[in-house]
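Morning, everyone. Please have a look at the model on the screen, and I'll walk you through a few places in it.

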Amino acid sequence: MASAGHSDLGEVASGIKASERRTAVAIADLEWREMEGDDCEFHYGEGPNESQDSDFPIEERSRLQEMLFLLGLETYQTQKLSLQDALQISSDSMKNWAPQTPKDLPWNFLRKLQALNAEARNTTMVLDLPRDTRPVEKESQMEEEIIYWDTAEDISADIYSFSELPTPDTPVNPLDLLCALLLSSDSFLQQEIVSKMSLCQFALPLILPDPENHYHTFLLWAMRGTVRTWGSQPPRVVGSFREDSMVLSRAPAFAFVRMEVSSNSKSQLLNDVLSPGHRQQDCFWHRDLNLGTNPREIADGLVEISWFLPSGREDLDIFPEPMAFLNLRGDIGSHWLQFKFLTEISSAIFILTDNISKKEYKLLSSMKGSTTKYYFILSPYRGKRNTNLRFLNRLIPVLKMDHSHVLVKVSSTDSVGFVHRVRAIVTHVTRSPCRRVSVEDMANAARKLGLKVDEDCEECQRAKDRMEQITRKIKDLETYCRDELRLQGEPWRKVAQVEKELCQIQWASDPPEKYRAELRHRLLELRMQQNDHDPSWGVQEFISGISSPSLGEKQYFLKWMEWGLARVAQPRPRPSPEMIFTLRPKHCGAMDFSEPFWPEPLGVEHFLREMGQFYEAESCLVEAGKLPAGQRRFAHFPGLALELLLKGLPLELIDGNTLSPALRWVTGLLKELHVRLERRSRLVVLSALGMPGTGKSTLLNTMFGLRFVTGRGRGPRGAFMQLIKVAESFSQDLGCDHILVIDSGGLIAGVRTEAGERFEREASLATLIMGLSNVTVVSLAETRNIPPAILHAFLRLEKTGHMPNYQFVYQNLHDVSALGSKPRERRQLLDQPSDVGRATVQMEKQGDGIQTLADLAFWDPEKQHIWHIPGLWHGVPPMAAVNLAYSEAIFELKRCLLENIRNGLSNQNKNIQQLIELVRRL
């Protein structure tokens, strides 16, 4: 058994046997039982969620089951709730609805969390009201729809079934709701929940209590997707910002726990410590918030974690470096195992209690020899002063404390001054030698204590091993891409150029047949050269990983590949926000944002692109009669890729390096999709285009819960597509079975003469994407800065009669108050001629007289085509809270888009066969 003061957490085999885990838990239990004396009234295990042996109380198991039944989650204990279940479009997607019954609470929480709504934890129910007191919704206003609970439906219910559980007029504690939802979700939905909570600046669940299955779970896998960016002090230059996984980054850890009763709110104190003076931030849920006083039924024993991350500005930062803060829900005596875990990984522990008696003394004296620093925050009852002093004096040599480790906080204590004192203690501890631990280090300590770690399942470990075998071969990215991904780079560029020329000749009025034959011969030679290669070892291993018969292992493998490739990539410096704003162009054409700040990082899409090129080369030879169809080796590749699309992975539609679509590959994917979906193949295509760095990928992710890559230098360079399922109960009303969402790379804002050949390719990309779309969202940074490639696409599509429903979104990256559509700024966009408009006129001979969007025949300014979205953050990142107005505006935009689809204002919905023909034609 590791001592409490052991600082070297070491490496522990992930496959720890269940019997060994039970033995470790039993030892921890025995240690506490031996501490008990006959005169000590405290009994280990009396609190909920603690005992992990075979004598687990039956009433605790039933308490969890009753909570799950109350929330409607009991059916998800065998077949867990998946990410696809949570993200499908239903009639509720168009309603700003309030929960009617407890069973609505989990779904309402998930929808708010997906939309990055800072009020996600404030979910309450709207109860039944007399009919004459119910508010009437006005047609002219978009008011919140209120749903009422008809209690008559429950008249025959057993009124004693949930006598000890929250009832509709006593809402469920948000922490109980979170625990029940996590226990009902699969590993990938858990990861999505934690990732969204991190973006909302909510404290994250680290140890999940599970009273039903006797094991508390350390959520290492669920935390894997948490990536944050922070600054350093000083100086603030390019490279002073660091982006890293919070699972891998090491920082000092500080734990706050409660012993027996404390008059002070532990979670509120943590929030005060983490919040700047001008703005309160509620990372940790506490008793003073809405529903905070509701009793916890299953969440006691939960350990939460949150980080302070510096911005790099001394005038704003509370601490100069990242710090981890942990919070144990419940009394440490009832959750001794979690407390021992905290002593293993923390630099200091703050213990909040009202008084210290013999019982508490015996509990804490067992930590003798611990190198962790202990601090007491007391709020003593009147007349207990001498008792407290007596036991504190006895604890001082045991825990190696002095009198500065004891703080007293009563109602008359200056709260601001007290918070400053706690911060000063934290800073002092970090300035002396102290532990710095990562979440992975914490997981190792958890394994030693017998806690279950979610990442230790066989499927996850097999997928990790395969990823490590692939990434271990990557020493230099440029060399690896040249040697292992041989069909990309220069070979693919040559093919794309020849195919582009063939396409141009096809539409010529009098195409030269001899030149066309030469191009076809050159294309065939290039494809034969590609087909002469075999997939490299790394590509073969990747194919084996996504071919696994186990769906779970396949999903684990893809996630591991994303993180593994990100780790082996060369570290990219990140500029400060001020530098990004300085580099932002002030006028059209002042700067070319077509190229990102950094080279394209290696990702999963490169392996899929290589598979696509093998399929393309082989298909080209079969079409030309150079290869018998029976000798095909790669015909199954589209089916493998489609499985990933159906499970939520964005697939590349247009290569970002060449800005060219792999036509046969995309067609093969759509054919497989048609076969797989069978009768449910009606599609609506929704796309987003616009300036780089305007937040269009974040907008789509927030709107629909998608996984498009975000961040300057990491966003899409071509176009990626992701599929969203429409619930069968809603598909008839909406008019489609699935929504295919396309996210494109940023389009240049300069004029054609400055952009060169890049502009020609981007204009073709915009035309293709908008031509495929029923609905297009155009994201702008400045009202006059409309990329000419988009205007060019509008002019081209207007001639064909194929015009998508379009919404212009102006995202104000600085102003958090902008909301709705501002008429004055809309008229400015419509009426003022811009350099872009004039450039487009020069570009299209047929465009004489068109200087602005208002001159286009399809423009209808009365249909609210322009949206003003406030900034995502309220404050200065990385500790800024999500702006509530942002999520509300995104919801209204989403509702508008779905309404347009339902009302037929978009182009006629397509089936997949029609989409295939459209891809070929465009």
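Ile654 touches Leu659, Ser660, Pro661, Gly718, Ala719, Leu765, Leu768 and Ile769, not counting residues up to four places away in sequence. Touching, or contact, means heavy atoms within 4.5 Å. Where does Ile654 lie? In strand β12, residues 651–654. Helices (H or I, at least four residues) and strands (E, at least two) are DSSP runs, numbered from the N terminus.

A word on the source. This is a predicted model, where local features need pLDDT of at least 70, side-chain atom pairs count only at pLDDT 80 or more, and totals for chains, interfaces and linings use all residues. Residues are numbered from 1 along each chain as its sequence is written, and side-chain values use heavy atoms, with hydrogens and water left out.

Back to Ile654. Is Ile654 buried or exposed? Its relative accessible area is 1%, so Ile654 is buried. Buried means under 20% relative accessible area, exposed over 50%, partly exposed in between (1.4 Å probe, protein chains only). Now take Arg609. Ile654 and Arg609 are 45 residues apart in sequence, and 9.9 Å apart in space, C-alpha to C-alpha.

Next, Ser347. Look in the loop between α9 (336–345) and β8 (348–353). Ser347 has 5% relative accessibility, so Ser347 counts as buried. Beyond four places in sequence, Ser347 is in contact with Pro252, Ala253, Phe254, Thr372, Lys373, Val429, Cys434 and Arg435. Stay with Arg435. Its backbone oxygen lies 3.0 Å from a polar atom of the Ser347 side chain.

On to a helix pair. Helix α16 covers residues 490–506, and helix α17 covers residues 513–531. They pack at an angle of about 155°, with axes 10 Å apart. Axes are lines fitted to C-alpha atoms, for helices over the stretch in contact, and angles run from 0 to 180 degrees between N-to-C directions. So α16 is roughly antiparallel to α17; that label needs an angle over 145 degrees. Who meets whom? Among the residues in contact are Trp492, Val495 and Leu502 in α16, and Tyr515, Leu519 and Leu526 in α17.

Last stop, helix α18, residues 537–546. How many of its ten residues are buried? Seven, so the helix is mostly covered. The buried ones are Gly538, Val539, Glu541, Phe542, Ile543, Gly545 and Ile546. What covers them? The cover includes α14 (458–471), α15 (477–484), α19 (551–568), α21 (604–623) and α22 (637–646).

Technical notes. A polar contact is a pair of N or O atoms within 3.5 Å; within protein, one must be able to donate a hydrogen and the other to accept it, and residues adjacent in sequence count only if both atoms are side-chain atoms. Angles under 35 degrees count as roughly parallel, over 145 as roughly antiparallel, 65 to 115 as roughly perpendicular and the rest as oblique.
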